[in-house]
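Student: I have a model open and would like to go through its fold and packing. Could you take me through it?

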Amino acid sequence: MQATAYTYDPETRTGQVLLDDGTPVPFDAQAFDAGGLRLLRPGQRVRIEVEGEGDARRITLVTLHTF
């Protein structure tokens with residue numbers, strides 16, 4: 001799934017992405033670390049993996065989207 005980086009806190013390695021429909025979804029440090037990233041800037045296109053649905057939806061991986 002693709003999304004756009006919305007917020008990112010480098011101290012906690014947490015933030016939010018925006019899905020293509022504009023829905024913000026938070027991610028935790030574990031999901032950020034799983035992607036092997038060192039930094040994330042708002043506006044960057046990212047690839048995410050999620051598990052669960054609705055309110056139980058959780059991002060498990062955030063990495064840069066490559067074409």
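**Sheet, core and aromatic rings**

Tutor: Gladly. Strand S2, residues 14-18, is joined to S3 by four bridges, and the two run antiparallel. Please keep in mind that this is a predicted model.

Student: Which residue in S3 is the bridge partner of Gly-15?

Tutor: Gly-15 is bridged to Phe-27 in S3.

Student: And in what order do the five strands of the sheet come?

Tutor: The order is S3-S2-S1-S4-S5, in an open sheet with antiparallel pairing. The edges are taken by S3 (24-27) and S5 (58-64); each has a single partner strand, so one side of each is left without a neighbour in the sheet.

Student: By how many degrees are neighbouring strands turned against each other?

Tutor: On average by 40 degrees, with direction ignored.

Student: Let us turn to the core. Which residues of the largest nonpolar core touch the most other members?

Tutor: The core has 15 residues, and those touching the most other members are Val-17, Phe-27, Leu-40, Val-46, Ile-48, Ile-59 and Val-62. At least two core residues come from each of S1 (2-9), S3, helix H1 (29-34), S4 (45-51) and S5. S1 gives the most, with three residues.

Student: What does Leu-40 touch, leaving out residues up to four places away in sequence?

Tutor: With that exclusion, Leu-40 touches Ala-5, Tyr-8, Phe-27, Phe-32, Val-46, Val-62 and Leu-64. As a general point, nonpolar side chains in soluble globular proteins tend to be buried together.

Student: Some of those are aromatic. How many aromatic pairs are there?

Tutor: The count comes to two. Phe-27 and Phe-32 form a stacked pair, at 6.4 Å centre to centre with 20 degrees between the planes. Planes under 30 degrees apart count as stacked. One aromatic cluster is formed by Tyr-8, Phe-27 and Phe-32.

Student: Are Phe-27 and Phe-32 buried or exposed?

Tutor: Phe-27 is buried, with a relative accessible area of 5%. Phe-32 is buried too, at 1%.

Student: A last topic: where does His-65 lie?

Tutor: His-65 lies in the segment after S5. Leaving out residues up to four places away in sequence, His-65 touches Gln-2, Arg-45, Val-46 and Arg-47.

Student: Why is His-65 classed as buried?

Tutor: Its relative accessible area is 18%. Buried means under 20%, so His-65 falls in that class.

Note on methods:
Residues numbered from 1 in each chain as written. Predicted model: local features only at pLDDT ≥ 70, side-chain atom pairs only at ≥ 80, totals over all residues. Heavy atoms only, no water. Pairing = 2+ DSSP bridges. Axes fitted to C-alpha atoms, helices over the stretch in contact; angles between N-to-C directions. Buried < 20%, exposed > 50% of the residue type's maximum accessible area, 1.4 Å probe, protein only. Contact = heavy atoms within 4.5 Å. Phe/Tyr/Trp six-rings, centres within 6.5 Å; stacked < 30°, edge-to-face > 60°. Core = buried A, V, L, I, M, F, W, Y, C linked by side-chain atoms within 4.5 Å.
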